[in-house]
Amino acid sequence: MKKKFFALALAAMLLICAVPAQALTGEGIRAAQTLSALNVVRGAYNVDDSATRAQAAVVLVRLAGAEKAAAADKTHIPFQDVPAYAVPSVRYAYGQGWLNGITGDTFGASQAISTQAYCAALMRMLGYTNSDFSYENSVAFARHMAVVSRNYGETLTRGDLFELTAGALYATYKGSDDTVLDRLTASSATSAATAKALGLSNQELTARQAADRFTAAVFQLSMYETGKNYNVDEPDGTASGFFISEDGLAVTNYHAIKGSSTGIVKLVSGEQYPVEKVLYYDEGIDIAVLRIGTKSITGVKTPGFVHLEMASRNTLRAGDTVYTIGSPLGLGLAISSGIISDVSREVSGYSAPCIMSTADISQGSSGGALLNVYGQVVGVTSGAFVFGNNMYLAVAIDPVLKADLTVGGQTLDQVKQFEENQASKAA
């Protein structure tokens, strides 16, 4: 963000391309093939057709591993427009409160399923309720919880439905570490073997898998040195950060928050939350642990944040593949990949050795996550050698592993005043 990052003289043109809302045909087919192998999708894919509400109910119930329960449930449903093949699934999804009807006696079985309705149904299937999210913000909430990793159109094609459903395989149920894939395969040896054969249970992640699962755990950080700047929404600098706990503990660089009195984090979903306290910081190492408020600046309380597991620098070796996620140039969250060049590089200005890699970062990436191939955060992206090539620096996460994070902490303004008083005494 500020003082420890390389200075760049940029003369660039940013070309912004509009990405079509609908899934690419190949993506939909690949997702359908995965779901077909898991017995969630059957028959012709027809990925370019509109996905109906009846089809969505069938896919949802199979995804939940509830097809047998749905078949055994003979409770009457009040809808007159549901085709025979979908009756058990619609009955079950309606009974569970996952999907509602269009009117009192109409399910809207042949209507296209909206992205909003399907995201709401997925989140309800995962155990979330109206106290956690509203139907109106179901899509943003699904992004918030890493169930959805990209934007879709207003309604879903069958390809979109398959892609969105396949992306939800790694979502966790509320209050549990179980993923959808875990529960889906637990009751079926065939599905478990299939998941393994497809590589769905691989521990090592590609860059795309890391982006899909963990971008929701990273945020853009806007810092304000004065209340006046905050009131007119003119940040004095932007950086990055990431969550390490469900209840809002987060990590960034110390230089990202230095001299600031207010901070706001912006998630990939667009939601914004306030920085409440600083629980730990070390200027020499260039690391800080923050507590982020669980109530957004619009007053909506979150049931939790997607967060990253931490791993020591000692798990790294030169040549290991790593990924970075941050907000370069403050343009929004992005991922890059590279390899570890040095796990313990002495760098002027840092009181502890840095991790050096070839994973690209830029100004604004300060405080972002350096991940290993298992999706664990091993470092905090911090800077680079100005005249070097592919010589990007991160501070190891190890000090956070050892820090006492049960303390009450201080506000940003208190940290600012304390450091200014210390500097004044030293002078």
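**Exercise 1. Which residue in E10 is the bridge partner of Ile 325?**

Before starting, note that this is a predicted model, where local features need pLDDT of at least 70, side-chain atom pairs count only at pLDDT 80 or more, and totals for chains, interfaces and linings use all residues. Residues are numbered from 1 along each chain as its sequence is written, and side-chain values use heavy atoms, with hydrogens and water left out.

Step 1: Find the strands. Helices (H or I, at least four residues) and strands (E, at least two) are DSSP runs numbered from the N terminus. Strand E7 covers residues 321-326 and strand E10 covers residues 369-372.

Step 2: Check the pairing. Two strands pair if DSSP finds at least two bridges between them. E7 and E10 run antiparallel and are joined by 4 bridges.

Step 3: Read off the partner. Ile 325 has Ala 369 as its bridge partner in E10.

**Exercise 2. Follow the barrel that contains E7 and E10.**

Step 1: Go from E7 to E8 (334-345). These two run antiparallel, with 6 bridges between them, and Val 322 stands opposite Gly 338 in E8.

Step 2: Carry on to E9 (residues 354-357), which pairs with E8 in the antiparallel sense over 3 bridges. Here Arg 345 stands opposite Cys 354 in E9.

Step 3: The order of the 6 strands is E7-E8-E9-E12-E11-E10, with antiparallel pairing.

Step 4: H10 (residues 207-214) lies across E7, E8 and E10, at about 35° to E7; contact here means heavy atoms within 4.5 Å.

**Exercise 3. Describe how H5 packs with H7.**

Step 1: Get the two numbers you need. Two packed helices are described by the angle between their axes and the distance between the axes. For H5 (residues 115-125) and H7 (residues 158-167), the angle is about 25° and the axes are 12 Å apart.

Step 2: List who meets whom. Tyr 118, Cys 119 and Leu 122 in H5 meet Leu 161, Leu 164 and Thr 165 in H7. These contact residues divide into 5 nonpolar, 1 polar and no charged. Ala, Val, Leu, Ile, Met, Phe, Trp, Tyr, Cys and Pro count as nonpolar, Asp, Glu, Lys and Arg as charged, and the others, Gly among them, as polar.

Conventions:
Axes are lines fitted to C-alpha atoms, for helices over the stretch in contact, and angles run from 0 to 180 degrees between N-to-C directions.
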